[in-house]
Amino acid sequence: MVLYSYLFRTFFQEGKPMKTAYIGGILLDGTKDMVPQKGKTVIVENGRISAILSADELVPSGCEIVNLKGCYLMPGLINLHVHLNSGGKPSGKKKEPEDYVRLVNLATSNPVTGEAVRALMRGYANTALHSGVTTIRTVGGISDYDGKLRNEIEEGYRKRVKAWKSDVTSGSNSLADMIRKARTGMSRIPMGAAAPEGLGALVRGSAAGAAMPGPRILTSNTGISVPGGHVAGSLAYPVTSPEEAVEYVHKIAEGRPDLIKLMITGGIMDAVKEGEPGVLKMSPEIIEAACKAAHDLKLPVAAHTESTEGVIAGLRGGVDTIEHGAMPTDEMMELFKERGASLVTTISPVIPLALLKTSKTGVRPMDRYNAGIVLRGIIECARRALKEGIPVGLGTDTGCPYVTHYDMWRELQYFSTFCGVSETFALYSATLGNAKIAGIDAETGSIEVGKAADFLITAGNPLESLRALRKPKMVVARGALISDPVIKKNVAIEQTLDSLLKVSYDDLDRLIRKAI
Ligand SMILES: [Zn+2]
């Protein structure tokens, strides 16, 4: 029955010329000073915005009409810091680095487990899309799986555009065509088509995977760390010398990544001492050699850094984006400006670790203490960078405990609450601001003629309350309309995180000392 209605809908929608007019919405264009614009019609053709009409202009004939009935249409969100290998469900107990190495070895040891992991990743990417995130930048994954998923999604997009273009001329709708199109490139996703997630995706995902639109993926594939360093041996290759770093940059480049990721310092969980999170682990020589090799290949470099000395070492070595951040200094700010580097703020993974009781999170008291230091560092780094005019982007570090693939809106909320920016600036940061940092602002990030039709459509106005982003009405990914996004949320995580929404900037010091 499901298959029948799926094909039936596809049958009726595939034959139409793929020109769609989004009418009756209120436009938020994604720019820094965006104001709601009423009466605009956005025309989408072959996945791109072909015109934006004002109220007195006629909608061209032959358009499929999507009436937004007063909803808000804005650019799809961009999440700059994602890991696709995990869903963000807290395990309740601390995992050791060897546990991750073992998992990754299992995932890469044979084709069956490899395909199961890729199906999970596909499901997570779909969840992100259904939550309104139309671009993700993945910064540390298993082997070249992220790149393969990116290629699969790109292939699906190309097939979809081809199908749209041929529909305009032939309008053919034979049964064979109908099935072929359903397999290769739906123009419209049937209502209620849930994102495949979990192992069930193994069955559903591989059939639907090619046809379903995904978020645009920019990826580093596996990163580079040092022995005993952050995610060494699981999501990053441990290297011991500058020469080896160059070798690995070239090895990673074979999977055609969009960037290179370095793990310069440890993470919260890697600390062996209270008060020492984010210890600098990568030598300046390795950082510099890896950055030079990456830049020679025209690949930007993102670096995991969670201490002041780590950020400074990264910037000196030539990294382009500092991921996370740490307590700022004058020297750090000068280096950001001198190098033209950007900061990618990730408040989402640290808030629960720093503010929740260890009996809840399952981490050691030392980890919670160190999370408090990292949280302060990330927030103060972002506040200072904003003041100094340094570009600040947003990512969630999805895949960390409590950070699910559907919660990008919380990062905007945290950014607004803790870094003191307006809702408008938070939305700008997650759209055009992030697009600029990722170097894709010619393609996406704002509602402009010529750009990809990447839209998030909400009932409420996010410039008044960012919670409006929490439940999208519709999502459009490069022209493919998801008319009824479905997200399966984890109720326990939702309740826990919602209890943290009341925390203000002024509460932080007190709560870091005394957990909730
Ligand atoms: Zn990360």
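Biologist: In which loop does lysine 69 lie?
Modeller: This is a predicted model, in which local features need pLDDT of at least 70, side-chain atom pairs count only at pLDDT 80 or more, and totals for chains, interfaces and linings use all residues. Residues are numbered from 1 along each chain as its sequence is written. Helices (H or I, at least four residues) and strands (E, at least two) are DSSP runs, numbered from the N terminus. Lysine 69 accordingly belongs to the loop between strand 4 (64-67) and strand 5 (72-75).

Biologist: Is lysine 69 buried or exposed?
Modeller: The phi of lysine 69 is near 45°, a positive value in a residue other than glycine. A residue is buried if 20 or more other C-beta atoms, placed from the backbone, lie within 10 Å of its own, exposed if 12 or fewer, and partly exposed in between. Because lysine 69 has 10 other C-beta atoms within 10 Å, the residue is exposed.

Biologist: Is valine 231 buried or exposed?
Modeller: Valine 231 lies in the loop between strand 10 (223-225) and strand 11 (236-238). Its phi is near 45°, a positive value in a residue other than glycine. Since there are 25 C-beta neighbours inside 10 Å, valine 231 counts as buried.

Biologist: In what order do the 3 strands of the open sheet stand?
Modeller: Two strands pair if DSSP finds at least two bridges between them. Strand 6 and strand 7 (residues 133-138) are joined by 4 bridges, and strand 7 and strand 9 pair over 4 bridges. The edge strands, each pairing on one side only, are strand 6 (77-82) and strand 9 (216-219). The pairing is parallel, and the order is 6-7-9.

Biologist: Which residue in strand 9 is the bridge partner of isoleucine 136?
Modeller: Strand 7 and strand 9 pair in the parallel sense. From strand 9, Arg216 and Leu218 point one way and Ile217 and Thr219 the other way, and all are buried. The bridge partner of isoleucine 136 is isoleucine 217.

Biologist: Which residues does arginine 150 touch, not counting those up to four places away in sequence?
Modeller: Arginine 150 has its place in helix 4 (residues 145-169) and is buried, with 25 other C-beta atoms within 10 Å. Its C-alpha atom is separated by 8.6 Å from that of proline 215, 65 residues apart along the chain. Contact requires C-beta atoms, placed from the backbone, to lie within 7 Å. By that rule arginine 150 touches Ile217 and Thr219.

Biologist: How are helix 8 and helix 9 oriented to each other?
Modeller: Axes are lines fitted to C-alpha atoms, for helices over the stretch in contact, and angles run from 0 to 180 degrees between N-to-C directions. Helix 8 (residues 284-296) and helix 9 (residues 308-317) pack at about 40°, with their axes 8 Å apart. Angles under 35 degrees count as roughly parallel, over 145 as roughly antiparallel, 65 to 115 as roughly perpendicular and the rest as oblique. The two helices, helix 8 and helix 9, are therefore oblique.

Note on methods. Contact = placed C-beta atoms within 7 Å.
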